[in-house]
Amino acid sequence: MSQKVKYNGTIFERRHLAAAQMAKDMLSLGDPLMRRLATGALSHLGQGEALRHCQDFVSALKDQDRGVRYCAVVYLAFARSFSGPSPVQEHTAEVAELLKDEDPGIRYWALETLANQGFASQPQAQQLLAALEDIDPHCRLAAAKAVAKVTPDDLPQAADVLVRSLDIEEPEIFRKSAAEGLGYMGIQAMKYLPRLVQVLTDRYALARAAACGAIGQLGAEAVQQCCRQLAPCLEDEDLDVRLKASEALQLLDLPTALASPVARLRWWGAEQAFERPDVELAEALASLLQDETKEVRAAAAWALSALGETAAEYMALVTSAVKDEHPDVWPPILRIISRHLPEALPESLGEVVQHVTSSEAHRRLRAIEALGAARDASLPYLEPVVKALEDEDVTVRLASMEALHCAGKRGVRKGDKVLAKLVKEDPDSQVASPGLGPASTLYDCWEVWP
């Protein structure tokens, strides 16, 4: 089917060619709205075709209408050439002129455009350095990124400029952008690491998060030096701060974290060891089963349970952990014992089952979960678990159902009457919803088992 189109007396072989010519003609119209539409139309022709009109975009950078300038510079910021150097590289001077524009959005995208042209933007180095003191914080951050990509030799000078904005007297958003900008400086900003550490306690959450991220970008040496200061950020009230701190600490080797005198770092290290099992960490994790901090002991137990039969090499520490006062330790420890230390299982189950009738719901919950971890070996100890199916706490009831399920068919049969009752009468939908709740599912399974 032919795509020939006639426009303004000229026949074009393809529709997009006619559309491009129409857009070019619209750029010369007096109505700024039409010129904006024309710029947008050219940018939607696809990377290859649109780049053929690079000069039109460059001309649009000088348009009197800020909307036209904005559309043009945003396109140039994202323009990519798949067949050689981008023609945008030849027009960095024209783009740099926009750094004086009154619109901060235009200045921001001009900086992004210059950054994306890499070394081709080096003639504009002084203007990039000047932009580090832009009145808009987002422009400052874009300038830092641009300097890092375009003129890496100027990074020390750029870092000197940025660090001045870390002062507590500066507006909070400038402290945030300065900290984040220093991250782009990499190793060149190492001498300002103490200043970034100070920002970790800034009253502005975004500044704290930016400091955490920047320290991570500075590299493993920086994280090693200030891991103790990063540790409190793992419990920051702001989620972004916690995530950035954890991300930065990924550069810290786990043996160092596990041996840290800071409890929060040991806790974090044990959690990471669970996510990244390594038998080389087994001894350190086993020793943490006797740590003075209960959260560390629990995290270490879970990490050790992920190491398979290696955990059995530390039988004395593992079996003694069954008597730990912190109930979160019990489920992973019973998991280890049931799979790799069966000779210690009866005594361990006898120790844990006592807590199923505890007055504290959390202790009952963890004790039942620990029995479930023992699977069918827990069958002789399930009577109190069956009674817990009617516990006042819904999490305990749900854990009891899971424990019966883990014990297999015989476990479910032990609680068949109570399960049938729960399907009809339990007030919580998680427990009783027909076809959805655990009680309903387990009862249905029991009905079809021989």
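Colleague: Are Asp236 and Arg208 buried or exposed?
Modeller: This is a predicted model, where local features need pLDDT of at least 70, side-chain atom pairs count only at pLDDT 80 or more, and totals for chains, interfaces and linings use all residues. Residues are numbered from 1 along each chain as its sequence is written, and side-chain values use heavy atoms, with hydrogens and water left out. Buried means under 20% relative accessible area, exposed over 50%, and partly exposed in between (1.4 Å probe, protein chains only). On that scale, Asp236 and Arg208 both come out as buried.

Colleague: What N to O distance goes with the salt bridge of Asp236 and Arg208?
Modeller: A salt bridge needs a side-chain nitrogen of Lys or Arg within 4 Å of a carboxyl oxygen of Asp or Glu. For the side chains of Asp236 and Arg208, the N to O value is 2.9 Å.

Colleague: Which residue forms a salt bridge with Arg66?
Modeller: Arg66 counts as partly exposed, because its relative accessibility is 40%. The closest N and O atoms of the pair are 2.7 Å apart, and the partner is Glu102.

Colleague: Is Lys176 buried or exposed?
Modeller: Lys176 forms a salt bridge with Glu180, their closest N and O atoms being 2.9 Å apart. Glu180 counts as partly exposed, at 23% relative accessibility. Lys176 has 18% relative accessibility, so call this one buried.

Colleague: How many salt bridges does a search of the whole structure find?
Modeller: Some share partners: Arg66, Glu102 and Asp103 are joined that way into one network. Searching the whole structure, the number of salt bridges found is 20.
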